[in-house]
There are 4 protein chains.
Amino acid sequence: MDALRAALEAHPDPASSAGPEALTCIYESAQCAYVCTTCADACLVETDHGDLSRCIRMNLDCAEICAIVGRFLARPGHQDRETLERILEACVIACRACAGECRRHDEMEHCQVCADQCERCADACEAMIPALVP
Amino acid sequence: MDALRAALEAHPDPASSAGPEALTCIYESAQCAYVCTTCADACLVETDHGDLSRCIRMNLDCAEICAIVGRFLARPGHQDRETLERILEACVIACRACAGECRRHDEMEHCQVCADQCERCADACEAMIPALVP
Amino acid sequence: MDALRAALEAHPDPASSAGPEALTCIYESAQCAYVCTTCADACLVETDHGDLSRCIRMNLDCAEICAIVGRFLARPGHQDRETLERILEACVIACRACAGECRRHDEMEHCQVCADQCERCADACEAMIPALVP
Amino acid sequence: MDALRAALEAHPDPASSAGPEALTCIYESAQCAYVCTTCADACLVETDHGDLSRCIRMNLDCAEICAIVGRFLARPGHQDRETLERILEACVIACRACAGECRRHDEMEHCQVCADQCERCADACEAMIPALVP
């Protein structure tokens, strides 16, 4: 996301956390939101694999919270550490839960791709928390 | 976005439009949503450059519609062509308008980055429309 | 939504469309986004009623576009008529399609509630279009 | 929001928290998202009142997190208590911070309306936490 990097670098008054952790966290959470959305849509028609409603719901949870993470981090001029910390924690929890559920469905490639992406996103959010402005 | 590409390819029953145009359109619209968000946040503190409220509002318009484009395209199993066509058209209009406004502020690097990204996103949305399922 | 009405009335420089049509449209689209979300969640466990994946997908489409309508209309200071018109048209199309699909499932109360709400939202969006700033 | 109440009541397998607290929390957070959006848009043109960039940013923070609260609560079939608790906490923090900032601008009616709504939303989120499924 070269344009986003350039935009963040051109910000006239960034909080200190608009660094590489923020860019990685925005990128991984954006991708995670879309991968979870695709996984949920795929699970809807995987009728040979039992009840996937739990997996679909976790995908939807995860997509929602991932989408919001980037929207906060892409506004680097101000950061309310307390709010952001709770949002990043919620994202880590939702991603780990979704990864755990998707990992169980090892016969479906999209669930494995989703589990991997959820773990990358959770890692990126965890790395972001200590980089927030104190 | 390799994981998203893998997830889309693993979808068991995609509509025909889950091809490279969709992947490009998701990627560019995601990046555009974040770049516009960063540009709006930067404009809020660019107090030496006159009234930027029009630029900020166009950035916010553009970020909203860009964010929704990817959410639709990341669900490839079903596509309501009529709805999607209107959404892609709205995104093209918002992106072109935002690019035009940002282009005027050539003293601010973030506005130039944003104008470029808005044009890339508009191009990707225009290329997506003929790729929608008939 | 008395607080929203008061906030819209207190706006120092509204476009002419921040009137009663806008308030109704924001309220009905917000409610429609949530009702569609609830209907999709309910359909996920209605395993005695055949394949509801089409209904779920239409609910998700409708929830997405409904959510964005209010976000645009709640910013009354600026309105890009062309963008907003396409978004409202997309919302009408998605709502009518979702209403039609939900109406077919007359054995499920949540689908009937959803069909009614989608029609109210479509009506409110249609009434909003001529009220947009020229 | 009678239709939403009816949809929630028609859900075939709700978690125990789809009760009156959930309906109130969805309604107040939806209204808060829109009121904050309107307040930010109004602040953009309130040029006689000094630098309102902090108020605008808090409004945008608050609108984002409020919008997601309802999207989670409107899916009553499943609730990941840990994720939801963090999201509700984040919403309370963002609402209280925004209320505090808006309250300072007592010469602007939209800021007072917004402060009141943020407090109502924070109260509703706080009341929701103990109602979550254990």
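1. How many helices and how many strands make up the secondary structure of chain A? Chain A, in this predicted model, comes to 5 helices and 0 strands. Read from the N terminus, its elements follow the order α-α-α-α-α.

2. The overall dimensions of chain A may be considered next. Along the principal axes, the C-alpha atoms of chain A fill a box of roughly 55 × 30 × 15 Å. The radius of gyration of chain A is 16 Å, which agrees with the value near 14 Å that a compact globule of 134 residues would have.

3. The interior of chain A can be described by burial and by contacts. Of the 134 residues in chain A, 66% are buried. When contacts in chain A between residues at least 6 apart in sequence are considered, 76% of them join residues at least 24 apart.

4. Two packed helices are described by the angle between their axes and the distance between the axes. For helix α3 (residues 53-73) of chain B and helix α5 (residues 109-128) of chain B, the angle is about 35 degrees and the axes are 12 Å apart. The crossing in which α3(B) passes α5(B) is left-handed.

5. Which residues of α3(B) and α5(B) meet? From α3(B) come B:Cys55, B:Asn59, B:Cys62, B:Cys66 and B:Val69, and they meet B:Cys111, B:Cys114, B:Cys118, B:Cys121 and B:Cys125 in α5(B). By class, this contact of α3(B) with α5(B) holds 9 nonpolar residues, 1 polar residue and no charged residues.

6. The contact between chain C and chain D takes 35 residues from each of the two chains. On the side of chain C, the elements giving two or more residues are α1 (2-9), α2 (20-43), α3 (53-73) and α5 (109-128). The largest share, 10 residues, comes from α2(C). The side of chain C that touches chain D contains 20 nonpolar, 8 polar and 7 charged residues.

7. The same surface serves both copies, as 100% of the contact residues of chain C recur in chain D.

8. Chain C also touches chain A: 5 residues of chain C are in contact with 5 residues of chain A. On the side of chain C, these are 3 nonpolar residues, 1 polar residue and 1 charged residue.

Note on methods:
Residues numbered from 1 in each chain as written. Chains lettered and ligands numbered in written order. Predicted model: local features only at pLDDT ≥ 70, side-chain atom pairs only at ≥ 80, totals over all residues. Contact = placed C-beta atoms within 7 Å. Nonpolar A, V, L, I, M, F, W, Y, C, P; charged D, E, K, R; others polar. Axes fitted to C-alpha atoms, helices over the stretch in contact; angles between N-to-C directions. Helix = DSSP H or I, 4+ residues; strand = E, 2+ residues; numbered from the N terminus. Left-handed = near helix turned anticlockwise from the far one by under 90°. Rg over C-alpha atoms; globule rule 2.2 N^0.38 Å. Buried ≥ 20, exposed ≤ 12 C-beta atoms within 10 Å, placed from the backbone.
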